[in-house]
Amino acid sequence: MNILTLSIKQKYFDEILAGKKTHEYREIRPTNAKKYITYLCGGKEYKADEELPEEGEIELNPIKYDAIKLLTGAYTSKRPYIIVEVKAAEAVILTDENDNDIVYEHQGEEYLAAQMDYTLGGILEKHID
């Protein structure tokens, strides 16, 4: 089973436990992209830290995770966590009010603002003390 591990605020942790929060969103940045996506261009897949071709349409391809392990609380040896099924994952490019792509800059390189949208399923495991 492929499990993504993330930290989450207590409020959202409790909402997921109660079944009120069914999506988890994470911003995709150059510093964390390899955890969330690969790129598709010209029928070939590229890792997030690989050089992309100059030409061709580039698609964001979510990395397949079966579940997400969500940790909350202080960074100690025993943190409360839940493991939640991932029903679907979508990488979404963010746009402004005029429907234009939002562009940021990181270390002199431009990148499109994007986020992961994970649709959460049932709780597979919980460890709450």
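Colleague: How many of the residues of S3 are buried?

Modeller: Strands (E, at least two residues) and helices (H or I, at least four) are DSSP runs, numbered from the N terminus. Buried means under 20% relative accessible area, exposed over 50%, and partly exposed in between, with a 1.4 Å probe and protein chains only. In S3, four of the five residues are buried, and the strand is mostly covered. This is a predicted model, in which local features need pLDDT of at least 70, side-chain atom pairs count only at pLDDT 80 or more, and totals for chains, interfaces and linings use all residues. Residues are numbered from 1 along each chain as its sequence is written, and side-chain values use heavy atoms, with hydrogens and water left out.

Colleague: Which strands pair with S3, and in what sense?

Modeller: Two strands pair if DSSP finds at least two bridges between them. S3 (residues 37-41) is antiparallel to S5, with five bridges. Within that pairing, Ile37 has Pro62 as its bridge partner, and Thr38 stands opposite Asn61.

Colleague: What strand order results, and which strands stand at the edges?

Modeller: The order is S4-S3-S5, in an open sheet of three strands with antiparallel pairing. S4 (44-47) and S5 (58-62) are the edge strands; each has a single partner strand, so one side of each is left without a neighbour in the sheet. For angles, axes are lines fitted to C-alpha atoms, for helices over the stretch in contact, and the values run from 0 to 180 degrees between N-to-C directions. On average, neighbouring strands of this sheet are turned by 35° against each other, direction ignored.

Colleague: What is the strand order of the sheet of five strands?

Modeller: That open sheet reads S1-S6-S7-S10-S2, and its pairing is mixed. S1 (3-7) and S2 (23-28) are its edge strands, each pairing on one side only.

Colleague: How many bridges join S7 to S6 and to S10?

Modeller: S6 (residues 67-71) and S7 (residues 81-93) run antiparallel and are joined by five bridges. Ile68 faces Val84 across that pairing, and Leu70 stands opposite Ile82. S7 and S10 (residues 114-127) are likewise antiparallel, with 11 bridges, among whose partners are Ile93 and Ala114.

Colleague: Is Lys11 buried or exposed, and where does this residue lie?

Modeller: Lys11 is in H1 and is exposed, because its relative accessibility is 52%. Its C-alpha atom lies 9.4 Å from that of Thr72, 61 residues apart along the chain. Gly19, in the loop between H1 and S2, is partly exposed at 49% relative accessible area.

Colleague: How is a pocket found, and what lines the largest pocket?

Modeller: Rolling a probe the size of a water molecule over the atoms shows where empty space is left. On a 1 Å grid over the protein atoms alone, with a 1.4 Å probe, a pocket is an open set of points with protein on both sides within 12 Å along at least five of seven lines, and lining residues have an atom within 4 Å of a point. The largest pocket has 25 lining residues, and Tyr39, Ala48, Leu52, Glu110 and Tyr111 lie nearest its centre. S9 gives the most to this lining, with four residues; H2 (33-36), S3, S5, S8 (103-106) and S9 (109-112) each supply at least two.

Colleague: How many of these lining residues are nonpolar, polar and charged?

Modeller: The lining divides into 15 nonpolar, two polar and eight charged residues. Here Ala, Val, Leu, Ile, Met, Phe, Trp, Tyr, Cys and Pro count as nonpolar, Asp, Glu, Lys and Arg as charged, and the others, Gly among them, as polar.
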